[in-house]
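Please look through the sequence and the structure below before reading on. The paragraphs that follow go from single contacts to the wider layout.

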Amino acid sequence: DITADIVLGGLFPVHSRLETAVGQTCGELSSERGVQRLEAMIFAIKEVNKNTTLLPNLTLGALIHDTCGTDTIGLEETLEFIMDSLSRQNLPTQQCSGVDENFNKTLLAGVIGAASSSVSIQVANLLRLFKMPQISYASTSPDLSNKHRYDFFMRTVPSDAFQARVIRDVIRALNWSAVFTVNSKGNYGERGIEEFHMLAKEANICVVEAVTIEHSFTAEAFDDVIRRFMRETGMRGVVLFCTDNDIRKLLNAAERVQAEGRFSWIASDYWGTRHGLVKGRESLAKGAITITLRSIPHTEYREYFTSLTPTNYSKANPWFEEFWEKNFKCKLTGNSSTCPANTSLSKEMYIDNKVPFVIDAVRAFATGLDVLYRNKCPNTDGLCEDLMRQNNGEELMSILQNISFQGVSGEVKFDSQGDATGMYDVFTFNQTESGYNYIKVATWDGGLHFVDPALQAGGLDLGGEGVLLNPSGVQSSCGEPCARGYYRKLRRDKACCWTCLPCGKDEYVKDLTGCGRCTELERPDPTRTGCVLLPLRYLSDSWSIMVTCFATVGIICVLGVSVIFIMFSETPLVKASGRELTATLLIGLFLCYVEGIMLILRPSVFVCGLQRFGVGFAPCVCYAALLIKTNRIARIFAKSERSTKPPDFINPASQLLILAAVVGVEVVLAGVGLGYWSPKQTEKFPTKSDILSTCNIQDYDLVVAMSYNVLLILLCTIYAFRTRKTPANFNEARYIGFAMYTTCVIWLAFLPVQIGVNDKDYKTLTLSINVTLNATTLLLCVFGPKVYIVLFRPTRN
């Protein structure tokens, strides 16, 4: 209506885009995205003109053009707006030939549109040169927030940066770890999916494969995309930033390759809650999750639109008759019309979800123009010269950036980038009793809020009846969940797809994608996700009890023999044994049994000191006493063959001095070891399941103790063998000889075990058993016969 005082230009995709061999052109009529939105602008202008407080005494009009959803056509149509505006500014006193006389008296104030982001970008680049404001009702590309490039562009819808956050939060609620992404070629799809990829990376959501649908894609190319997706058996989620044409073609491809129910679609607002997009493909779209801008149903507009007929529609919409013919599948050709005479649009028909934003865009312009008009033309009835003769685009933009009002979609205001606040609704497309329908399940205003709080715990149902929890546990991941102790080995062809491989016995699963080795003091915890300290333990209880019992019995026997020898100290047998050396030998045996127990006690500095000192000292006392005894007997009988004079150093004092000298060597050697390696508790690792607490017995301690004691044993054995034929009254040498032979056998068995076994448990136990077993051998062989004679054969004593 160009006879109005102020005209708003309108850009709508009345027809869809059609790809041809020579380029893009106009295709079939778009009822929802085109005609409904166009009529919303006409409806909003009529509402403004009815409002006596908004632009009083002025009439608002519309000049609407069809962009066909392509940037080139949109740019051509915008040029017509510019030419109209320039003609009114540059020809103030002339009229254009063939145009209504009121044409030059109207003001083209700005442009409503366009729908597609790619079209809006081209239009915004042109309009900014002429400082003409533009408000879009559907362009959501993040690029349009750049005020350095698009300083005269605003929109009543938020940027796709918000929409990408909604999709990310939905995927989080579903507990998915990986998705496919598909986007249309063009600014809307490319920038939207770019924002999502960035957010997905931050949220550890893997994008297994990203596909951009080119304008040249054939049906076979769409089929190939679906087949590639189907190869990943664990993948269900597909994120779509696509136009309606591309979504439809993708669903058709899923039907051709028999992928019904195979994928769970999460779509941007281009899909929204549109039924025409999925008509005939409902089963393929079942379970889809779609995002729409939050809006409140406008009953007045529904009543307005559904009451339109070919006899009462606005002439500002030259495509209404084409819409009517498509909707009722008839022809309006004058008297031969095939359309029903008394038919009307259904009151329940679907209304495009961008309609409220078109109405709010018109209302925003009207509010801004009202402020501008009152500033420029105070107390004026109609347009004034200042408003008509000056380019007021910059001033109008400044006013628009600061307005706010309660619109159809909610509170309308613009941020510093000219964007509206991001608020969305989340729907699922599922089958209900009345057929397939979109069901609202959540809202988003910076965070996801479920309509039913129970949904927050279970996610969204992608295949059940209605809106339910997710009992089937639908997941989307490029790999099966790994069992305990298994890690994800990423595939080379797809960086976030994996196979499960086991970690080593001493390793834990680190960050799900690798194995970490526990330190020497640790082992994997029961969940195999970390390490725990190895438990500290001591020698095996069963062995310790056995050795302790054996040594305790030995101590009792030693004490018993000592009591017997004290009681019968004046008898010939006891006197002939040499009471001093016998007492020393009994003390040595007692120390051997005590050392056997000390070797298995819980380690401490004191216990470790006694262990390391006693392991050589206790046996040395025994073997030194026996060596001096056998040496004394051998020297006595060797001297008797040559002389009747007794040999030197056979009296008790001399023997004790010799004994002290022999044992002193061991004391010095043991003292050197203790001085160089201070006794302390140490930790050994016989297995990776625990830590053995033991004493720091050095190889030096064992080598010195064994070497010196073995030397004493060999000397004892030699002297015992030499004195084996002594008279019966001196047959103690024979028992000593037998004890030495047995001791040699025990030591021959002990040394390979002690040297060859690496297990610290067995090394300590064999050392303890060796000490106590040698003491028992000496106790039985040396003292057993004497105790028997003293107690049971006193006549032989």
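**Salt bridges, sheets and a helix**

A salt bridge joins the side chains of Asp169 and Arg172, with 3.9 Å between N and O. The two residues are 3 positions apart in helix H4 (residues 160–174), so about one helical turn separates them. Asp169 has a relative accessible area of 12%, which is under 20%, and therefore counts as buried. Arg172, with a relative accessible area of 48%, is partly exposed. The model described here is a predicted one.

Where else do salt bridges occur? A search of the whole structure finds 26 salt bridges. One of them is formed by Glu394 and Lys131, whose closest N and O atoms are 3.2 Å apart. This pair links distant parts of the chain: Glu394 belongs to helix H13 (residues 393–400), while Lys131 sits in the loop between helix H3 (117–127) and strand S6 (134–136), and 263 residues separate them. Glu394 counts as exposed, at 51% relative accessibility. Lys131 is partly exposed, with a relative accessible area of 34%.

Another salt bridge brings together the side chains of Lys440 and Asp425, at 3.4 Å from N to O. Lys440 lies in strand S16 (residues 435–444) and Asp425 in strand S15 (residues 424–432), so this pair ties together parts that are 15 residues apart in sequence. Lys440 counts as partly exposed at 38% relative accessibility, whereas Asp425 counts as buried at 5%. Salt bridges can also form a network, as they do among Asp143, Arg191, Glu194 and Glu195.

Next comes the chain as a whole. The protein chain has 22 helices and 26 strands. Of its 797 residues, 52% are buried. Among contacts with a separation of 6 or more, 68% are between residues 24 or more positions apart. The chain exposes about 36500 Å², and carbon and sulfur atoms supply 56% of that area.

Some of the strands can be followed into a sheet. Strands of a sheet pair through backbone hydrogen bonds, and the pairing is either parallel or antiparallel. In what order do the 5 strands of the open sheet with parallel pairing stand? The order is S4-S1-S5-S6-S7. Strand S4 (60–66) and strand S7 (153–155) are at the edges and have a single partner strand each, so one side of each is left without a neighbour in the sheet. On average, neighbouring strands of this sheet are turned by 30° against each other, direction ignored. Within the sheet, strand S5 (residues 107–112) and S6 run parallel and are joined by 2 bridges. Val111 has Gln134 in S6 as its bridge partner.

Helix H1 packs on this sheet, where it touches strand S1 (6–12), S4 and S5. The direction of H1 makes about 170° with that of S4. How does the length of H1 compare with what its residues should span? At 1.5 Å a residue, the 20 residues of H1 (residues 31–50) should span 28 Å, and the end C-alpha atoms are 27 Å apart, which agrees. H1 is mostly covered, with 16 of its 20 residues buried.

The loop between S6 and S7 holds Ser145. Is Ser145 buried or exposed? Ser145 is buried, because its relative accessible area is 16% and the limit for buried is under 20%. Leaving aside residues up to four places away in sequence, Ser145 touches Arg155, Ser159, Gln417 and Asp419.

The last stop is strand S10 (residues 237–241), where 5 of the 5 residues are buried. Both faces of S10 are covered: Gly237, Val239 and Phe241 are buried on one side, and Val238 and Leu240 on the other. Which strands pair with S10? Strand S8 (residues 178–184) pairs with S10 in the parallel sense over 4 bridges, and Thr181 has Val239 in S10 as its bridge partner. Strand S11 (residues 264–267) also runs parallel to S10 and is joined to S10 by 4 bridges. Here Leu240 has Ala267 in S11 as its bridge partner.

Technical notes. Residues are numbered from 1 along each chain as its sequence is written. This is a predicted model: local features need pLDDT of at least 70, side-chain atom pairs count only at pLDDT 80 or more; totals for chains, interfaces and linings use all residues. Side-chain values use heavy atoms; hydrogens and water are left out. The expected span of a helix is 1.5 Å times one less than its number of residues. Buried means under 20% relative accessible area, exposed over 50%, partly exposed in between (1.4 Å probe, protein chains only). A salt bridge is a side-chain nitrogen of Lys or Arg within 4 Å of a carboxyl oxygen of Asp or Glu. Contact means heavy atoms within 4.5 Å. Accessible areas come from the Shrake-Rupley method with a 1.4 Å probe; for residues, only the protein chains shown count as cover. Two strands pair if DSSP finds at least two bridges between them. Axes are lines fitted to C-alpha atoms, for helices over the stretch in contact, and angles run from 0 to 180 degrees between N-to-C directions.
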